[in-house]
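Hi everyone, thanks for coming. Let's take a few minutes to look at some charged pairs together.

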Amino acid sequence: MIVQLPDSAILDNLHIPGISLPGNIFEKRYIACRSREKRIYTDEEVINLPETATSHPHYPEWIIRKRSSEKLHQYLTNKKKPLNILEIGCGNGWLSHQLSSIPRSKVTGLDINFTEIQQAARVFNGVHRIKFIYGDIRSGILYGRQFDIILFAASMQYFPALDEILELSLEHLSPDGEIHITDSRFYTSKTISAAKQRSYDHFRSLCLPEMADHYFHHKITGLDQFNYKVLYNPQSLINRFMTNPIPFHWIRIKKDAI
């Protein structure tokens, strides 16, 4: 099945492969969840993210997302070299848009959520350094392509197996490239059960308990087999006593040293 765009939407920055995706059920549940959480944004709101009105129900969250995106942007800018960046699970594309301002960067946003990635392509259609792809990296859609930076920003929790998605991502990483995980929580053996219950209770409160089948909780020890470094640890003593700390780990993964 080939997904067709409406005739009125001519988007030259969106690639739609001639394949069907297994994410239709997920997308319906995900969009329903986002809608009930008031996380569906207008085009005008998306183009301004992470800036939001102080009256917005998720304003405090966007303050955090802004801080983490600025840290990432500065880190990548300091490399002072061309970067080919892939954002996996880019959603409405706001962060891909932010990263496209890094000098000499090229950004590819990838997502299986057609509703949001179509919006991303529409909103940022005039930004020549961004391309969006409707698809799943696990389908082989990026076969043969490599990137300097592969980013999971608030998306790792939608992948059931941490090791599998990271091993696959490493295959698409340039020899000196880096994988970055931001805005997703990691847990310990002591905290993971309570976190799963909180998530289930949240989805049940939205009358969408089935969404829990698509939301996964990963242990920090799941990274032990990889060449990783914690660039920001929300549990460190200094960060715990900061005003409005970022509550998420920032993880960097490189290929194993030869």
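So, is Lys 79 buried, exposed or partly exposed? Lys 79 is partly exposed, at 26% relative accessible area; buried means under 20%, exposed over 50%, and partly exposed is in between, with a 1.4 Å probe and protein chains only.

Quick housekeeping: this is a predicted model, where local features need pLDDT of at least 70, side-chain atom pairs count only at pLDDT 80 or more, and totals for chains, interfaces and linings use all residues. Residues are numbered from 1 along each chain as its sequence is written, and side-chain values use heavy atoms, leaving out hydrogens and water.

pLDDT is the predictor's confidence in each residue, from 0 to 100. The chain's mean is 91, and 90% of its residues reach 70 or more. Over residues 1–10, though, it's below 50.

Now, salt bridges: a side-chain nitrogen of Lys or Arg within 4 Å of a carboxyl oxygen of Asp or Glu. The count here comes to 11.

Take Asp 183 and Arg 65, at 2.5 Å, N to O. Asp 183 sits in strand S6 (residues 173–184) and Arg 65 in helix H3 (residues 59–77), so this pair ties together parts 118 residues apart in sequence. Helices (H or I, at least four residues) and strands (E, at least two) are DSSP runs, numbered from the N terminus. Asp 183 is buried at 6% relative accessibility, and Arg 65 is buried at 11%.

Back to Lys 79: its salt-bridge partner is Glu 178, at 2.9 Å, N to O. Glu 178 is buried, at 3%.

Terms used: Contact = heavy atoms within 4.5 Å.
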